[in-house]
Amino acid sequence: MRMLRGQFGHRLLGLAVIGAGLAVGGAAYAQVMGQPAPWEYKLQEAATPVMENITWFHNFMLWLITAITLFVLALLVIVVVKFNSKANPVPSKTTHNTLIEVAWTIIPVLILVAVSVPSFRLLFLQLDIPKADLTIKATGKQWFWTYSYPDNGPFEFDSLMAQDKQPRLLAVDNEVVVPVNKVVRVQTTAADVIHSFAVPSFGIKIDAIPGRLNETWFKATKTGWFYGQCSELCGKDHAYMPIAIRVVTEQEFAAWLETAKKKFASNPSSTFASATTTQAQ
Ligand SMILES: [Cu+2]
């Protein structure tokens, strides 16, 4: 009896630990935005219309494939139970059934149409870049990013992972700053190998390729910090070139722009430029 109670006690303790874990995970999930959270199993919370669309499409597809999978599983179970050689020793010789053949042609076509409509709509939303209020250029380098604001002057700055700041592996020394509710065009390229500029909560991921200029866009609808990482294996420190974007109000952005112009003007930080100059000599 005591042993039984002991086991029961352990089980209760186990449940309590799991419960506490879930509660902590849930709380953490509710608190953070723009970065991964403990116990997270879903997509990061959306901060742009594109990501809201991606999340919707993901959930829609998840329910659809779940329904299809359960339906096929049910059919298989029926076949296994009802039509095995013991339960059904004399098999039917039926070969055609017009109704069912029409149905299993038409229904999958309808399902594909139902998938393709929101899928194409999302694709156009991502690829058809609206008129931009601001352009930022991100250049991938081994192993950091260099940012410039082409329509705001010649300044540019490097953004390196900051080891002493939180969140770990995501914080940087100089973050990208953009205004809230403005269409930001992101141009990407690279100075050495292929990198990829990805920010999950914005729903963007685009290759940064040497000698090419790719572009995408986002419109952040919330202020705060949003993080991403290089998403193309680019060498030994691929995991240590995070992307940090701080979304601020328009006034704060204007103020930041003024300081940035001064702060980075005296710092012609183009490692690429100096590297090519060295090579040329
Ligand atoms: Cu990279």
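Strands (E, at least two residues) and helices (H or I, at least four) are DSSP runs, numbered from the N terminus, and two strands pair if DSSP finds at least two bridges between them. This is a predicted model, in which local features need pLDDT of at least 70, side-chain atom pairs count only at pLDDT 80 or more, and totals for chains, interfaces and linings use all residues. Residues are numbered from 1 along each chain as its sequence is written, and side-chain values use heavy atoms, leaving out hydrogens and water.

Q: What is the strand order of the open sheet of five strands?
A: The order is β3-β2-β1-β5-β8, with mixed pairing. β3 (156-159) and β8 (214-218) are the edge strands, as each pairs on one side only.

Q: Which residues are the protein donors of the copper ion?
A: They are H195 (ND1), C230 (SG), C234 (SG) and M241 (SD), at 2.0 to 2.6 Å. Donors are N, O and S atoms within 2.8 Å of the metal (3.2 Å for Na, K and Ca); water is not among the atoms, so sites may look incomplete.

Q: Why is the site of the copper ion called tetrahedral?
A: Four donors count as tetrahedral if all angles lie between 85 and 135 degrees. The angles here are 94 to 127°, so the site is tetrahedral.

Q: Why does C230 count as buried?
A: Buried means under 20% relative accessible area (exposed is over 50%, partly exposed in between; 1.4 Å probe, protein chains only). C230 has 4% relative accessibility, so C230 counts as buried.

Definitions and conventions:
Tetrahedral: all angles 85-135°; square planar, octahedral: opposite > 155°, others 65-115°.
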